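Here is a short briefing to read with the model open beside you.

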Amino acid sequence: MSIILDKVNYVYSEETAYRIQALKDVSLTIEDGQFIGIIGHTGSGKSTLIQHLNGLMKATSGTIYFHGQDIYDEDFDLRELRNRVGLVFQYPEHQLFETTIFDDVCFGPKNQGLTKDEAGLRAFEALRNVGMPEELYYQSPFDLSGGQKRRVAIAGVLAMKPEVLILDEPTAGLDPAGRDEILDLVARMHKERGITVILVSHSMEDVAKYVERIIVMNQGSVMLDGNPKEVFRHYLELEAVGLAAPQVTYLMHELKSKGLMVDTDATTVAEARASLLEALTGIDAGKADFHR
Amino acid sequence: MGIIKAKQLVHEYIRRDEEGNVESIQTALDHVDLDVQQGDFIAILGHNGSGKSTLAKHINALLMPTEGSLWVDGMDVSKEENILPVRQTAGMVFQNPDNQIIASVVEEDVGFGPENIGVPTDEIWQRVEESLKAVGMLKYRHHSPNKLSGGQKQRVAIAGVVAMQPKCIVLDEPTAMLDPNGRKEVIRTAHELNKKKGVTIILITHYMEEVVDADKVIVMDEGKVVMQGSPREIFSQVGTLKEYRLDVPQVTILADLLRQSGLDIPLGVLTREELTGHILRIAQIGA
Amino acid sequence: MLRDITLGQYYPANSVIHKLDPRVKLFSTMIYIISLFCFKGIAALLTATVFLIAVIRTSKVPFRFMVKGLKAIVILMIITAAFNLFLTPGEPLVSFWIFTITAEGLKNAILMAIRLTYLILGTSIMTLTTTPNQLTDGLEKSLMPLSKIGVPVHAIAMMMSIALRFIPILIEETDKIMKAQMARGADFVSGNLLQRVKNMIPLLVPLFVSAFRRADDLAMAMEARCYNGGEGRTKMKPLHYERRDRLAYLIVLGYFAIVLVCRTFLPFPM
């Protein structure tokens with residue numbers, strides 16, 4: 001089963017001078033269990049897109065099917081959809097409000113109608129998953145560091161046990177260590193729980209390391225959709241719309257254009273290193289032949 | 001003496017309970033020595049909580065040293081009468097673009113600083129125009145800041161500081177909340193101000209790729225200056241940088257890995273072009 | 001998008017009215033409102049109408065933007081008119097069930113409707129042709145004499161202009177937090193009043209926290225830019241009266257004089 005978007009359009013401020021078409025004929029299929037990166041610069045429509053996936057925004061035209069059901073049907077339960085498609089907004093720590101970390105994480109499960117005990121169990125599990133030390137559970141979330149607050153906020157959504165977890169730029173404003181912690185956490189959730197994860201980002205390098213599929217948004221439309229290697233092959237088009245492929249992609253293409261036989265599909269440092277070592281020894285041999 | 005000089009600078013955040021008893025002391029700056037020359041472009045790196053923002057706030061007299069001294073253009077920042085002159089000499093740009101723009105029209109915001117220091121009206125207009133031109137935002141002068149992108153807002157904030165004609169500008173993580181385009185805009189603007197106007201720039205960041213073109217890089221950790229040197233010197237110590245939880249650019253890591261695998265590549269490769277050159281040299285192609 | 005809501009509905013155009021000093025516009029609006037409530041008789045009404053039409057034409061603001069403001073008070077107008085229509089004693093015109101419409105009532109109802117319409121149109125001209133910032137400046141300068149008796153006029157004006165800058169940001173933030181809590185299953189619409197108020201906590205707490213954080217940041221940013229209160233400040237856009245402003249004062253006073261004259265000497269009944 002899956003989420004299917006069929007020709008989804010979204011228009012802001014229709015019939016005014018400020019009319020903006022934020023989504024244009026977006027058709028996508030999101031398969032269960034995929035780890036997807038959505039990339040696009042500010043204003044490309046990526047944030048608008050993900051808010052459609054859990055019904056927080058309603059398409060101006062087009063439909064979305066969740067497990068085969070039209071979510072805009074009158075008898076479709078949108079709250080149930082939100083329970084199953086968890087959305088972590090940008091700077092999620094700004095939504096913390098309870099007096100203790102634990103209570104804050106319980107908020108989602110309680111809204112799902114779980115009993116106090118069940119909600120508590122969920123909260124324990126989620127907080128453990130995000131690596132929060134137990135002695136902090138009953139402290140105020142407002143005393144935590146930025147990175148810790150964010151992990152608590154993510155736990156708040158994880159505790160709802162969604163089938164699909166969407167994160168809107170979860171690493172914005174964090175330092176490199178904080179960023180790696182969050183991304184590793186998300187990758188682990190995907191692996192251990194087998195849930196679908198959609199990661200919205202504007203950093204290609206972050207995304208390339210983790211996801212199996214990249215959707216590039218530009219001006220409200222899907223510009224590219226494929227696995228990272230397929231997408232980064234279009235590195236010149238990406239650059240034209242203000243997005244950069246990982247540094248090694250550029251390096252490999254440059255080397256290839258100068259005549260060095262390297263794998264231009266390498267997107268991570270490890271892949272590049274392997275390909276380069278092979279190519280450099282290979283060329284040495286070829287050169288020896290040439291001289292003979 | 002350089003434009004900014006710190007001698008054994010210490011800053012402690014003291015938390016007190018309701019009765020005023022000391023609950024905890026956190027040393028944010030631990031005997032920091034610093035000497036910045038007029039016209040330099042200095043980058044300060046460090047992860048969150050390393051003390052880099054605390055240092056920045058001292059340079060603008062927003063915080064006072066607990067121990068030690070700091071001079072800005074020869075003025076001791078801990079003297080009450082120096083506060084306003086220090087703030088005028090060393091301007092400051094903050095992280096959140098929304099929370100530092102005061103007016104609802106771009107040009108009025110840029111005029112805010114000059115208004116505060118009593119610049120005559122005609123000159124304010126002149127300064128506003130020059131500053132907006134310097135950051136490439138002149139055509140947005142009548143816009144509302146709410147309709148600008150993050151990078152544009154930060155450039156407006158920079159213009160607001162430039163209009164006060166400071167000798168030095170401290171940028172405290174100006175790119176942390178921006179997308180890649182916005183980041184480039186802001187870093188480019190800082191370099192232009194440094195080159196064209198000779199303004200001393202102190203750029204605080206945790207993005208390593210932003211410091212490649214700096215004159216000098218300072219790495220901070222737990223309130224101490226732990227590394228100092230040219231970008232090349234700093235980038236040649238990939239292992240140490242990782243220990244300080246910093247993010248080394250992909251090409252620098254790749255170059256380092258290749259070197260470790262026995263290839264003839266020097267330490268501290270900074271850019272893609274450099275690495276391409278080295279690899280082609282090894283492969284004996286073109287060069 | 002929520003950020004596109006322009007506060008105070010300023011309509012940018014290049015007209016004499018737009019260029020007038022905000023103090024002139026504040027004063028004139030006040031005079032106009034006073035005139036509406038002291039006119040009597042058809043001649044004064046005509047004067048007020050002609051004056052209003054003339055100003056609207058000069059302002060170059062399309063009439064439909066003015067009418068927008070009227071929509072909001074339609075209900076108020078109907079209620080006021082109804083009160084006047086049914087509750088004014090006098091000579092009965094028509095009478096059904098418990099309602100009696102008198103000639104005086106009809107006259108009063110019409111007059112009240114006209115007054116309210118003119119009042120809204122008159123004030124919209126001010127808000128449509130003056131940016132909120134100009135209005136703040138105008139108020140600050142007009143109220144400056146009060147600072148001599150200890151009223152912190154500069155601080156109040158500064159607070160007003162900062163509020164104007166941050167209201168759209170906070171509106172957007174409210175929207176964001178609301179959505180974030182809805183994604184966690186929060187419900188802001190159902191339940192009885194008490195429940196609903198309780199349900200607002202997840203929205204209000206983060207909103208206050210955020211507002212305080214922004215206020216902190218902003219205070220520091222202002223200090224860093226040498227803000228030190230109103231003392232010793234110069235102005236980028238100081239208010240100066242020009243010839244057109246003096247002329248405008250004369251015209252408005254002239255208009256007021258005519259209304260008063262009509263009231264005294266030509267109180268022809270309608």
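What covers the buried residues of H6(A)? The cover includes strand S3 (35-39), H4, H5, S7, strand S8 (196-201) and helix H7 (204-210) of chain A. Before the details, note that this is a predicted model, in which local features need pLDDT of at least 70 and side-chain atom pairs count only at pLDDT 80 or more, while totals for chains, interfaces and linings use all residues. Residues are numbered from 1 along each chain as its sequence is written, and chains are lettered from A and ligands numbered from 1 in the order in which they are written.

**Helix H6 of chain A**
- Helices (H or I, at least four residues) and strands (E, at least two) are DSSP runs, numbered from the N terminus.
- Helix H6 (residues 176-193) of chain A has 18 residues, and its first and last C-alpha atoms are 26 Å apart, close to the 26 Å expected at 1.5 Å a residue; the expected span is 1.5 Å times one less than the number of residues.
- Its buried residues are A:Pro176, A:Gly178, A:Ile182, A:Leu183, A:Val186, A:Met189 and A:His190.
- Here, buried means 20 or more other C-beta atoms within 10 Å of the residue's own, exposed means 12 or fewer, and partly exposed is in between, with C-beta atoms placed from the backbone.
- A:Gly194 follows H6(A) and has a positive phi, near 65°.

**Helix H4 of chain A and its neighbours**
- Helix H4 (residues 116-129) of chain A has 14 residues, and its end C-alpha atoms are 20 Å apart, in agreement with the 20 Å it should span.
- A:Ala119, A:Arg122, A:Ala123, A:Ala126 and A:Leu127 are the buried residues of H4(A).
- Seen down the axis of H4(A), these buried residues fall within an arc of 125°, so they line one face of the helix; the arc is that of the directions from the helix axis to the C-beta atoms.
- That buried set packs against helix H3 (101-111) and H5 of chain A.
- H3(A) and H5(A) themselves pack at an angle of about 35°, with axes 7 Å apart; axes are lines fitted to C-alpha atoms, for helices over the stretch in contact, and angles run from 0 to 180 degrees between N-to-C directions.
- In this pair, A:Ile101, A:Asp104, A:Val105, A:Phe107 and A:Gly108 of H3(A) meet A:Val152, A:Ala155, A:Gly156 and A:Val157 of H5(A).

**Interfaces of chain B**
- Chain B gives 33 residues and chain A gives 32 residues to their contact, where two residues are in contact if their C-beta atoms, placed from the backbone, lie within 7 Å.
- On the side of chain B that touches chain A, H10(B) supplies the largest share, 7 residues.
- Chain C has 27 residues in contact with 33 residues of chain B.
- H10(C) provides the largest share of the side of chain C that touches chain B, 8 residues.

**Positive phi away from glycine**
- Most residues other than glycine have a negative phi.
- A:Lys161 has a positive phi near 50° and sits in the loop between helix H5 (146-158) and strand S7 (164-168) of chain A.
- A:Lys161 is partly exposed, with 19 other C-beta atoms within 10 Å.
- B:Arg245 also has a positive phi, of about 55°, and lies in the loop between helix H8 (238-243) and helix H9 (250-260) of chain B.
- B:Arg245 counts as partly exposed, with 17 C-beta neighbours inside 10 Å.
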